[in-house]
Amino acid sequence: MQIPQGATVAVADGKTLHLFHNKGDEAHPVLVPMPADVLDRDGGGSTGHHSSSANPDESQKAEDGFAAGVAGLLNRQVLAGSIKHLIVIAAPRTLGELRHHYHKTLSAILVGEIAKDLTGHSQEDVERAIAAA
């Protein structure tokens, strides 16, 4: 996958978010870590349901809420013009939850998505995953 210069890369799972900025060009990306804003951990995840065999447990609701908070943060930054190009790399379930909360403007600037959990991996692993996609 080509990554435009200046693109933001969000790497997330149900508990962690890492943001990177591409300082390189499309042919030679150089990801630089960015500080993550404070997330709204109750950002619209599953609420109002009690745990049972048919409903997610509290841990899953917390992960869904975190994913909704990540989407809210990304939506705000896209709408403010801080993000022009975005790549999202997330654990498959988290990626599914994120998609539920994407603003249409975020969807329009989304360069690509990778359904893979890379939150515990190095910056180089993230760069390799993007190159391989």
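Predicted model: local features only at pLDDT ≥ 70, side-chain atom pairs only at ≥ 80, totals over all residues.
Trainee: Why is Gln77 called buried?

Mentor: The relative accessible area of Gln77 is 13%, and a residue counts as buried when this value is under 20%, so Gln77 belongs to the buried class. Of the 133 residues of the protein chain, 41% count as buried.

Trainee: Which residues of α1 and α2 meet?

Mentor: From α1 come Gln60, Asp64, Ala67, Ala68, Val70, Ala71 and Asn75, and these meet Arg93, Thr94, Glu97, Leu98 and His101 of α2. Sorted by class, the contact of α1 with α2 holds 5 nonpolar, 4 polar and 3 charged residues.

Trainee: What makes a set of residues a nonpolar core, and which residues have the most contacts inside the largest one?

Mentor: The members must be buried residues of the listed nonpolar kinds, joined through side-chain atoms within 4.5 Å. The largest such core in this model has 20 residues, and those with the most contacts inside it are Leu17, Leu74, Leu86, Val88 and Leu98. At least two residues of this core are supplied by each of β1, β2, α1, β4, α2 and α3, with the largest share, 7 residues, coming from α1. A second, separate core has 13 residues, among them Val9, Val11, Ile89 and Val126.

Trainee: Which residues does Leu86 touch, if we leave out those up to four places away in sequence?

Mentor: With those left out, Leu86 touches Thr8, Ala10, Leu74, Leu106, Ile109, Leu110, Val111 and Gly112.

Trainee: How many helices and strands does the protein chain have, and what pattern does it follow along the sequence?

Mentor: The protein chain has 4 helices and 5 strands, and read along the sequence these follow the pattern β-β-β-α-β-α-α-β-α. Among the contacts in the protein chain with a separation of 6 or more, 60% are between residues 24 or more positions apart.

Notes: Residues numbered from 1 in each chain as written. Heavy atoms only, no water. Buried < 20%, exposed > 50% of the residue type's maximum accessible area, 1.4 Å probe, protein only. Contact = heavy atoms within 4.5 Å. Nonpolar A, V, L, I, M, F, W, Y, C, P; charged D, E, K, R; others polar.
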